[in-house]
Amino acid sequence: MIECKLEAGKTYYLKTYMLESGDIGDFVLSTSSFSFDSAEKVELSVDTEKEVNIGAGEYKLLTYTPSEAGKYFFSISNSANEARYTLMNSDYWIFTAYNSTNTNLTYDMQAGQEYILKAKFSESSASGSITVKIAKYIPVTGIQCENLTLYPGDNGWFEYKVLPENATQPSPNCQEGN
């Protein structure tokens, strides 16, 4: 499923393709209207985890309006089912994660603009809860660790500390190197 906001009077094109030359299939294109005003909205707050229950075939709209402009970090998770999360504002779709149990997103937001996170489970028969937390983005500026020397055939672990300690996403990417 593709979700997007369309404007009257504009021309849109949709390009599709098959992965293999022998693939065959049918495509069905349909549209439906979606109103933010008709759905129940759940208000989010910075640094507060919010758990929301979603019934089978339902979706929830979680809203946040920042009081100050800047980067914000969304952490979204559920324990059991794959879900689809779409972040949008009144003007356009910003981001969609499909078939996800855990999603992290950093986005530069404008003060006073309402942002809406639409959440629903991928399987129409699935139900459960999702947990969402929004935090002001604090970037990792460094990693403090002790040297570890390994020789061919050795293995080992080293401990590290992410700086600053209150970084929004304190999980560094590790790479092989010398």
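Predicted model: local features only at pLDDT ≥ 70, side-chain atom pairs only at ≥ 80, totals over all residues.
**Group meeting talk: an all-strand chain, contact by contact**

Residues are numbered from 1 along each chain as its sequence is written, and side-chain values use heavy atoms, with hydrogens and water left out.

Let me begin with the totals. Of the 178 residues in the chain, 26% are buried, and here buried means under 20% relative accessible area, exposed means over 50%, and partly exposed is whatever lies in between, computed with a 1.4 Å probe and protein chains only. The chain exposes about 12,900 Å², of which carbon and sulfur atoms supply 46%; these accessible areas come from the Shrake-Rupley method with a 1.4 Å probe, and for residues only the protein chains shown count as cover. If we take the contacts with a separation of 6 or more, residues 24 or more positions apart account for 65% of them, a contact being heavy atoms within 4.5 Å.

Some individual residues give that last figure a face. Isoleucine 130 sits in strand S9, residues 128-136, and counts as buried because its relative accessibility is 0%. Setting aside residues up to four places away in sequence, isoleucine 130 touches Lys50, Glu51, Val52, Ile54, Leu62, Ser77, Asn78, Tyr85, Ala119 and Phe121.

Alanine 56, by contrast, belongs to the loop between strand S2 (50-54) and S3, and at 47% relative accessibility it counts as partly exposed. Beyond its neighbours within four places, alanine 56 is in contact with Ser124, Ser125, Ala126 and Ser127, and its C-alpha atom lies 4.6 Å from that of serine 127, 71 residues away along the chain.

Turning to charges, how many salt bridges does a search of the whole structure find? There are 3, defined as a side-chain nitrogen of Lys or Arg within 4 Å of a carboxyl oxygen of Asp or Glu.

One of them joins the side chains of lysine 41 and glutamate 114, at 3.5 Å from N to O. That pair links distant parts of the chain, since lysine 41 is in strand S1 (residues 41-43) while glutamate 114 is in the loop between strand S7 (102-109) and strand S8 (115-121), 73 residues apart. Both partners are partly exposed, lysine 41 at 34% and glutamate 114 at 28%.

Another salt bridge brings together glutamate 68 and lysine 136, at 3.7 Å from N to O. Glutamate 68 lies in the loop between strand S3 (59-64) and strand S4 (70-78) and lysine 136 in strand S9, so this pair ties together parts that are 68 residues apart in sequence. Then there is glutamate 165 with lysine 161, whose closest N and O atoms are 3.4 Å apart; glutamate 165 is exposed at 61%, whereas lysine 161 is partly exposed at 39%.

Finally, the aromatic rings. The structure holds 2 aromatic pairs, which requires ring centres of Phe, Tyr and Trp (its six-membered ring) within 6.5 Å, with planes under 30 degrees apart called stacked, over 60 edge-to-face, and the rest tilted. Tyrosine 107 and tyrosine 115 form an edge-to-face pair, 6.1 Å centre to centre with 65° between the planes, and both of these tyrosines are buried. Lysine 118, meanwhile, lies over the face of tyrosine 59, at 5.0 Å from the ring centre, the criterion being NZ of Lys or CZ of Arg within 6 Å of the ring centre and within 35 degrees of the ring normal.

Key
Helix = DSSP H or I, 4+ residues; strand = E, 2+ residues; numbered from the N terminus.
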